Amino acid sequence: MSERVLITGGAGFVGQHLSRELAEAGYLVRIADNFDPQVHGENAGLKKAGRNGDALSHAIRAVEWMRGDIRDPDFLKRALAGAHSVVHLAAVVGVGQSMYQYDRYVDHNLRGTAELLQAILKENQKPRGGIRTIVLAGSMSIYGEGLGHCSNCDQILQARRQVEQLQRQEWEPRCPRCRTELKPVATPENKPPEPASVYAFTKYGQEQLCELFASSYGLAAVSLRFFNIYGPGQSLSNPYTGVAANFAARLLRGLPPLIFEDGRQQRDLISVHDIARAARQALALARQPGARVYNLASGQTVSMGELARRLARALDSDIEPLITGQYRAGDIRHCIADISRARAELQFQPRVNLQDGLRELAEWLRREEFEGRAQTLSPLPQPIAELNAWGLTLSASGRTN
Ligand SMILES: NC(=O)c1ccc[n+]([C@@H]2O[C@H](COP(=O)([O-])OP(=O)(O)OC[C@H]3O[C@@H](n4cnc5c(N)ncnc54)[C@H](O)[C@@H]3O)[C@@H](O)[C@H]2O)c1
Ligand SMILES: [Zn+2]
């Protein structure tokens, strides 16, 4: 008998790739998604569901689609009926936006997860109910600033930044003892979380709720802490998330990518193909009751300035990024991943290097543009204006509002 897996948020960027991955591996895949207009545009619906499916092959059509909201217990009851495992991806996603939408982020991400767990509890009380595994989309954002090494004290420390230093545009975290700039160090899973945004706080809360649930009821709960994901199918209409898509959206309109601080902040980007494969492996391998967490990243780092330039090259553009010199509330300086645990326990092996991944992204974007679907490309001024209006950016002269 095939295993039935429910993917919440399965119509999203990661969800579409994972649906295909699991359907091709023989799972019966059911998607539950409310088609949030911020991600899918207005009037999105099941018809549109196959849209990114063009890029994602026929397997998507073998998937069972259900439109509804995970905060609705009646919807969840139907969505969970007969499922054996759940991959929980549904969430509102946006670091900056979360800083002025506390209620919305807590409601979808935390209450949504609580409703999901409550509904799993009910489903498992049925005579044949049997959901044994929950795979959660965790996030690197829960770490806050990554770890840093002070060469003077020869110590690895939790990096932190003070408001006063940000006002002086001193971007690098410093050693609290000797003020030497810290050198970023790969972050392992046991680094204590320090969420720096409402979004990160809700992602950490999701993880904790799943962990509690798994240990109370003997299920397996796996949180995959995704780093920055990029690839075809990324929402082009959502200006609040997805750094690579945002940069590309501006470049395609002949506008420079906007970069906060000085552009030297480092991130660890991972292709959505590697994420989908790793999530399939996690679903298959993590069957022991109890909770586990894994970093999923490529282990290769790139600065934001470098990313913007490489993306421009991939799109045959010579537009240089615009470095704003502003700090954005909720942002961290560097976070790079230690992926040795996922390598050892999930047989995780990132395969797509940044060069090939950006080329693939560029090809997909050109196709989207050619087929007239890039109309919705967001050029981004609105979110920055919103952040300024809420006093959530800092420039050399102080808060910008
Ligand atoms: N993309 C990244 O770089 C990244 C990094 C770290 C973590 N994550 C996490 O991975 C998951 C998937 O991210 P993504 O990039 O595919 O985002 P996405 O926005 O493309 O997909 C999220 C999906 O969830 C749906 N959704 C939102 N609220 C819902 C609700 N209340 N009920 C039902 N459906 C709802 C949306 O319609 C959307 O289809 C999220 O949990 C996100 O926090 C993503
Ligand atoms: Zn020091």
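**Exercise 1. In the loop between which two elements is the place of Phe 35?**

Work on the predicted model.

Step 1. Find strand E2 (28–33) and then H2. Phe 35 sits in the loop between them.

Step 2. Check the backbone. Phe 35 is not a glycine, yet its phi is positive, about 50°.

Step 3. Decide between buried and exposed. The cut-off for buried is under 20% relative accessible area. Phe 35 has 2% relative accessibility, so Phe 35 counts as buried.

**Exercise 2. Describe the shell around ligand 1**.

Step 1. Count the residues. Ligand 1 is surrounded by 29. The closest are Asp 33, His 40, Leu 89, Tyr 199 and Lys 203.

Step 2. Sort the shell by type. It holds 15 nonpolar, 9 polar and 5 charged residues.

Step 3. Trace the elements. At least two shell residues come from each of helix H1 (13–24), helix H2 (37–40), strand E5 (133–139), helix H8 (198–217) and strand E10 (228–230). E5 gives the most, with 3 residues.

Step 4. Pick out polar contacts. A polar side-chain atom of Asp 33 is 2.6 Å from an oxygen atom of ligand 1. For an N or O atom in the side chain of Lys 203, the distance to a ligand 1 oxygen is 2.8 Å. Gly 12 uses a backbone N or O atom, 3.2 Å from an oxygen atom of ligand 1.

Step 5. Find the cover. On its own, ligand 1 has 820 Å² of accessible area. The protein covers 95% of that.

**Exercise 3. Work out the geometry of the zinc ion (ligand 2)**.

Step 1. List the donors. The SG atoms of Cys 150, Cys 153, Cys 175 and Cys 178 coordinate the zinc ion at 2.2 to 2.3 Å.

Step 2. Write the spacing in sequence. It is C-x2-C-x21-C-x2-C.

Step 3. Test the angles. Four donors count as tetrahedral if all angles lie between 85 and 135 degrees. The 4 donor atoms here give 101 to 114°, and the site is tetrahedral. Ideal tetrahedral angles are 109.5 degrees.

Step 4. Cys 175 is buried because its relative accessibility is 2%. Cys 178 has 27%, so it counts as partly exposed.

Methods. Residues numbered from 1 in each chain as written. Chains lettered and ligands numbered in written order. Predicted model: local features only at pLDDT ≥ 70, side-chain atom pairs only at ≥ 80, totals over all residues. Heavy atoms only, no water. Near = heavy atom within 4 Å. Polar contact = N/O pair within 3.5 Å; in protein donor to acceptor, adjacent residues only side chain to side chain. Areas by Shrake-Rupley, 256 points an atom, 1.4 Å probe, with all protein chains shown as cover. Helix = DSSP H or I, 4+ residues; strand = E, 2+ residues; numbered from the N terminus. Nonpolar A, V, L, I, M, F, W, Y, C, P; charged D, E, K, R; others polar. Buried < 20%, exposed > 50% of the residue type's maximum accessible area, 1.4 Å probe, protein only. Donors = N, O, S within 2.8 Å, 3.2 Å for Na, K, Ca; no water. Tetrahedral: all angles 85-135°; square planar, octahedral: opposite > 155°, others 65-115°.
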